[in-house]
Amino acid sequence: MIESDNRRIIFELKFAHNENEAKVKLDESVAQIKARDYGNILPLKKETLKIAAVFNADPVVRAFTQFKTV
């Protein structure tokens with residue numbers, strides 16, 4: 001979580017071994033953010049940005065390949 005005066009940014013990061021697993025992990029990450037209501041803490045901020053991202057560890061890729069704002 002990163003906070004400034006008016007903004008809160010929530011990151012849920014997952015690790016995957018390949019692209020197929022990365023797609024599954026992205027869905028898991030989004031569901032986790034929603035189920036646990038991340039970022040909904042006091043004091044509330046004007047803007048809350050929630051980001052789910054998956055790092056693909058395939059030796060050819062090695063990058064964040066899946067991401068979504070929630």
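1. Buried means under 20% relative accessible area. Glu12 has a relative accessible area of 11%, so Glu12 counts as buried. The model discussed here is predicted. The side chain of Glu12 meets that of Lys14 in a salt bridge, with N to O at 3.5 Å.

2. Arg8 is also a case for the burial cut-off: its relative accessible area is 0%, and Arg8 is therefore buried. Arg8 belongs to strand E2, which covers residues 7-16. Leaving aside residues up to four places away in sequence, Arg8 touches a set of residues that includes Met1, Ile2, Glu3, Gly39, Ile41, Lys45 and Leu49. With the side chain of Glu3, the side chain of Arg8 makes a polar contact of 3.3 Å.

3. Glu3 is partly exposed, at 40% relative accessible area. A salt bridge joins Glu3 to Lys45, where the closest N and O atoms are 3.4 Å apart. Glu3 sits in strand E1 (residues 2-3) and Lys45 in the loop between helix H1 (19-36) and strand E3 (47-56), so this pair ties together parts that are 42 residues apart in sequence. Together with Arg8, Glu3 and Lys45 are linked in a network of salt bridges.

4. Within helix H1, Glu28 and Lys25 lie three residues apart, about one turn of the helix. Glu28 forms a salt bridge with Lys25, and the closest N and O atoms are 3.6 Å apart. Glu28 is partly exposed, with 36% relative accessibility.

5. How many salt bridges does the count come to? The count comes to six. Among them are Lys45 with Glu3, Lys14 with Glu12 and Glu28 with Lys25.

Methods
Residues are numbered from 1 along each chain as its sequence is written. This is a predicted model: local features need pLDDT of at least 70, side-chain atom pairs count only at pLDDT 80 or more; totals for chains, interfaces and linings use all residues. Side-chain values use heavy atoms; hydrogens and water are left out. Helices (H or I, at least four residues) and strands (E, at least two) are DSSP runs, numbered from the N terminus. Buried means under 20% relative accessible area, exposed over 50%, partly exposed in between (1.4 Å probe, protein chains only). A polar contact is a pair of N or O atoms within 3.5 Å; within protein, one must be able to donate a hydrogen and the other to accept it, and residues adjacent in sequence count only if both atoms are side-chain atoms. Contact means heavy atoms within 4.5 Å. A salt bridge is a side-chain nitrogen of Lys or Arg within 4 Å of a carboxyl oxygen of Asp or Glu.
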